[in-house]
Amino acid sequence: MYDVVVKGGKLVSGFRETIKADLAIKGEKIAAIGDDLDGKYVIDASGKLVMPGVIDAHVHMELPVSGTRSSDDFSSGTKAAACGGVTTIIDFTVGSSKSTIPEDIENRLREAEKSHIDYALHAEVIGWHRSRSQEILKAAQMGVTSFKFFTAYGSSGRRTDRGALFEVFQIIGDLGALAVVHAEDEEVINYLMNALAEEELKNMVSLAKVRPPLCEAVAVSDAIYLAERANARLHIVHLSSALGLEALKRGKSFYKNVTAETCPQYLLLTQDVYENTDGHLYSASPALRSPYDLEALWDALYNEELSMIATDHCPFTREQKTWKGNFLDLPYGLPGVETALPLMFSEGVIKRHLPVGLLVKLLSENPAKIYGLFPKKGALQIGSDADIVILDPNEEWTISASNLHMNTDFSPFEGLKVHGQIYATLSRGEVIFEKGSFKGREGRGKFLRRSC
Ligand SMILES: [Zn+2]
């Protein structure tokens, strides 16, 4: 007799065919897959899809930015995540030129303690100098093996220039860790900002104008060349444009250790929303793009040039995003951790015939592999953590901030009808969400220490 049995569902995982079977859990682990399994607690999954829980490898809970903090803390944000079928998040330390990377990790771990689901951390590297090389080694010993760099945001001191990137990539390469890059070329942005007329600052559309695909492509290309020479594994976050993709493809032709993700907002929304009266609510960087870019990103998911979908969840309320007459004075970021799976299932699998196994690969298996969590996470395998989402593909519902749990009063996808609803979410064998009700417990999530 097992502790929990998920009965009669269609098991989907990226690395094998979908099969109809029972899945049994003992303690925190998947213990058996087969027919007629018995458990103390049984979840009827007939007609439903059973998948490894989503790993959202790019979220920002309670992130200090623009004089405020993103509106989900680790408790509200991971509760919302669980309601959306997410069982692991990877957040970021809040780096600064004044603190050490190990200090940043310790501070962030204290904030993350209230999580409902398991979590890992990327270390933001801000203000690189040679003396920090020991900090990178220490971070890896602390279980943080991915390091995030910005090629933009010089004015807030977050930018790492190309020389410094080359130096630190070599350290990361020697260590076998992973460099994670936000790729937008600062100098292209600065030139376009300077060329902007005073009047255009008052126009939300200018956001897309000063941060165009060109700035992404230039930075992607630079990062790949530097990573190749330094022999460091490289991951590009939130790739948003066709031109950026071109740079990625070219880079992949001579360097195989590079991966990239995109986000639901770049697959579903385009920059014309900036013309709406509430266009400022969509402030994000990278900016939203054209329909042409959007189609190119979908193609890149099908042919697996993009390896991952992550959300860049960074929510703010309407009040926090109040328009002050200038697109530069807004906090940038969108909510998304709770809606990723239903949106991608509905718009990808149902509307665009993305194979459901590929979706699982993009949302779960590949993030686990790229970030060193596989097969503990991201797999329906005996011995893996019982992190599972059960999705009812027949349910239809309408996205609205009012029926979601993220701590914000708007959704960028408000009013969108979706096929497929989360039926249950299990985290290490514990049913934390079932039939619309949340059963998690603050602080039950565990820090996932990774190694190189
Ligand atoms: Zn981000």
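**Group meeting talk: loops, a sheet and a zinc site**

Hi everyone, let's start with a loop: Pro375 sits between helix H12, residues 356-370, and strand S16, residues 388-398. Please keep in mind throughout that this is a predicted model. The peptide bond joining Phe374 and Pro375 is cis, with omega about 0°. There is also a cis bond from Ser285 to Pro286, and there omega is near 5°. Pro286 belongs to the loop between helix H9, residues 264-268, and helix H10, residues 291-302.

While we are on backbone angles, let me show you two residues with positive phi. Tyr153 is not a glycine, yet its phi is near 70°. You will find Tyr153 in the loop between S11 and H4, and with a relative accessible area of 16% it is buried. His353, also a residue other than glycine, has a positive phi near 55°. His353 is in the loop between H11 and H12, and at 62% relative accessibility it is exposed.

Now to the sheet. In what order do the strands of the open sheet run? There are 8 of them, and the order is S6-S9-S10-S11-S12-S13-S14-S15, with parallel pairing. At the edges are strand S6, residues 54-56, and strand S15, residues 308-309, each of which pairs on one side only. Helix H2, residues 101-112, packs on this sheet and touches strand S9, residues 86-92, as well as strand S10, residues 118-124. The direction of H2 makes about 150° with that of S10.

Let me walk through a few strands. Strand S14, residues 258-262, runs parallel to S15 and is joined to it by 2 bridges. Glu261 has Met308 of S15 as its bridge partner. Further in, strand S11, residues 146-150, and S12 are parallel and share 5 bridges, with Ser146 opposite Leu178 of S12.

S12 itself, residues 178-182, is largely enclosed by the rest of the structure, because 5 of its 5 residues are buried. Leu178, Val180 and His182 are buried on one side, and Ala179 and Val181 are buried on the other, so both faces are covered.

Is Thr88 buried or exposed? Its relative accessible area is 0%, so Thr88 is buried. Beyond its neighbours within four places in sequence, Thr88 has contacts that include Val54, Ile55 and Asp56. Ile117, Asp118, Leu373 and Leu448 are also among them.

Val6 stands opposite Ile43 in S4. S1 also pairs with strand S5, residues 49-52, in the parallel sense over 2 bridges, and here Lys10 is opposite Leu49.

On to the metal site. Which residues coordinate the zinc ion? The donors are His58 and His60, both through NE2, and Asp312 through OD, at 2.0 to 2.2 Å. Along the chain the donors follow the spacing H-x1-H-x251-D. His58 is in the loop between S6 and strand S7, residues 64-65, while Asp312 is in the loop between S15 and helix H11, residues 340-352, so the pair ties together parts that are 254 residues apart in sequence. His58 is buried at 1% relative accessibility, and Asp312 is buried too, at 10%.

A quick word on cysteines: how many disulfides are there? The count is 0. For Cys83, the closest cysteine sulfur is in Cys314, 20 Å away, which is too far for a bond. Cys215 is in no disulfide either, the nearest cysteine sulfur being that of Cys263 at 15 Å. Cys83 is buried, with a relative accessible area of 5%, and Cys215 is buried at 0%.

Last item, a helix pair. The axes of helix H3, residues 133-141, and helix H4, residues 162-175, come within 10 Å and cross at roughly 35°. The crossing of H3 and H4 is right-handed. On the H3 side the contact is made by Ser133, Ile136, Leu137 and Ala140, and on the H4 side by Val168, Ile171 and Leu175.

Note on methods:
Residues numbered from 1 in each chain as written. Predicted model: local features only at pLDDT ≥ 70, side-chain atom pairs only at ≥ 80, totals over all residues. Heavy atoms only, no water. Pairing = 2+ DSSP bridges. Helix = DSSP H or I, 4+ residues; strand = E, 2+ residues; numbered from the N terminus. Contact = heavy atoms within 4.5 Å. Axes fitted to C-alpha atoms, helices over the stretch in contact; angles between N-to-C directions. Disulfide = S-S within 2.5 Å. Buried < 20%, exposed > 50% of the residue type's maximum accessible area, 1.4 Å probe, protein only. Donors = N, O, S within 2.8 Å, 3.2 Å for Na, K, Ca; no water. Left-handed = near helix turned anticlockwise from the far one by under 90°.
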